[in-house]
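Take a look at the sequence and the model below.

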Amino acid sequence: MKINDLSMLDTNRARYEEELTLGKWFKNIWIALSTAFKGMGITMKYVLTVKPVTIEYPEVKEELPANSRSRLFNDVDNCISCMQCADACPVDCIYITAVRRDKEAPKLKTDGGTPIKLDLKQYTIDTALCCYCGLCTVACPTQCLTHTTDYEFAQYTLGEMKYDYLASDIRAWKHRIVK
Ligand code: SF4
Ligand code: SF4
């Protein structure tokens, strides 16, 4: 205990040991009432004049800024399997497997016109390891890998945080979370 605390204790003790006169009794009541009203005054000022700072989540949802780094999404149809995202990732949580496309296979291009020379066989991100640094999205030459503003992706197990972006249910996120 600090010296200041000890001297405060002494002051309080002395106050309680003082004889309680009628005047002091009324003074105590006045102090109790005036501090209660002072506190209520501050509360009422906020109730009546300050706009609410909370929302009734999950019924009401807040829109995150467009440049938020939230849930990652890879639009695999525009991915050229270049591995640049995996190389940039500081925690190695992006797993990619790709094979060279058959020469006889129809030529494919991304929406931006980049030739797709590899067939993407696996594109998985373990988002339980991801630190949302955004380096992978910056490195992506076709901008198919993006951070979305979706922040509702809590899971019960770590395994459920590993997303296979070639899976049909995850491909369907495109219409829900990519703006
Ligand atoms: S946001 Fe950062 S940590 Fe997460 S996958 Fe991309 S590079 Fe890796
Ligand atoms: S950087 Fe982009 S195009 Fe290259 S593998 Fe990653 S997501 Fe695909």
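The chain has six helices and five strands. Along the sequence, they follow the pattern α-α-β-α-β-β-α-β-β-α-α. Keep in mind that this is a predicted model.

**Overall shape**

How does the chain compare with a compact globule of 179 residues? Such a globule would have a radius of gyration near 16 Å. The chain has 31 Å instead. Its C-alpha atoms fill a box of roughly 105 × 40 × 25 Å along the principal axes. Buried residues make up 10% of the 179 residues.

The domain assignment gives two parts. Domain 1 covers residues 3–49, and domain 2 covers residues 72–177. The C-alpha centres of domain 1 and domain 2 lie 62 Å apart.

**The sheet**

Three strands form an open sheet in the order E2-E3-E5, and the pairing is antiparallel. Which strands stand at the edges? They are strand E2 (94–100) and strand E5 (162–164). Each has a single partner strand, so one side of each is left without a neighbour in the sheet. On average, neighbouring strands of this sheet are turned by 15° against each other, direction ignored.

Now look at the pairings themselves. Seven bridges join E2 to E3, and these strands run antiparallel. Here Tyr-95 stands opposite Thr-124 in E3. Three bridges join strand E3 (residues 118–126) to E5, again antiparallel. In this pairing, Ile-125 has Tyr-163 of E5 as its bridge partner.

Leu-72 and Tyr-163 are 91 residues apart in sequence, yet their C-alpha atoms are 9.5 Å apart in space. Leu-72 sits in strand E1. Is Leu-72 buried or exposed? It has 24 other C-beta atoms within 10 Å, so Leu-72 is buried. The cut-off for buried is 20 or more.

**Two ligands**

The model holds two ligands, and each has a shell of residues around it. Which residues come nearest to ligand 1? Of the 14 residues around ligand 1, the nearest are Cys-89, Cys-130, Cys-133, Leu-135 and Cys-136. By class, this shell has 13 nonpolar residues, one polar residue and no charged residues.

Ligand 2 is surrounded by 15 residues. The closest are Cys-79, Cys-82, Cys-85, Cys-140 and Leu-145. The shell around ligand 2 divides into 11 nonpolar, four polar and no charged residues.

Most residues other than glycine have a negative phi, and most peptide bonds are trans. Some places in this chain depart from that pattern. The peptide bond from Tyr-57 to Pro-58 is cis, with omega near 10°. Pro-58 lies in the loop between helix H2 (22–49) and strand E1 (72–74).

Ser-81 is not a glycine, but it has a positive phi of about 55°. Met-83 is not a glycine either, and its phi is positive too, at about 70°. Where are these residues found? Ser-81 is in the loop between E1 and helix H3 (84–88). Met-83 is also in the loop between E1 and H3.

What are their surroundings like? Ser-81 has 21 other C-beta atoms within 10 Å, so Ser-81 is buried. Met-83 has 13 such atoms within 10 Å, so Met-83 is partly exposed.

**A residue between E3 and H4**

Cys-131 is found in the loop between E3 and helix H4 (135–139). Is Cys-131 buried or exposed? Cys-131 has 11 other C-beta atoms within 10 Å, so it is exposed. The cut-off for exposed is 12 or fewer. Cys-131 and Val-91 are 40 residues apart in sequence, while their C-alpha atoms are 7.9 Å apart in space.

**Surroundings in one view**

The table gathers the residues whose surroundings were described above.

| Residue | Other C-beta atoms within 10 Å | Class |
|---|---|---|
| Leu-72 | 24 atoms | buried |
| Ser-81 | 21 atoms | buried |
| Met-83 | 13 atoms | partly exposed |
| Cys-131 | 11 atoms | exposed |

How values were computed
Residues numbered from 1 in each chain as written. Chains lettered and ligands numbered in written order. Predicted model: local features only at pLDDT ≥ 70, side-chain atom pairs only at ≥ 80, totals over all residues. Pairing = 2+ DSSP bridges. Helix = DSSP H or I, 4+ residues; strand = E, 2+ residues; numbered from the N terminus. Axes fitted to C-alpha atoms, helices over the stretch in contact; angles between N-to-C directions. Domains from an automatic or database assignment. Near = placed C-beta within 6 Å. Nonpolar A, V, L, I, M, F, W, Y, C, P; charged D, E, K, R; others polar. Rg over C-alpha atoms; globule rule 2.2 N^0.38 Å.
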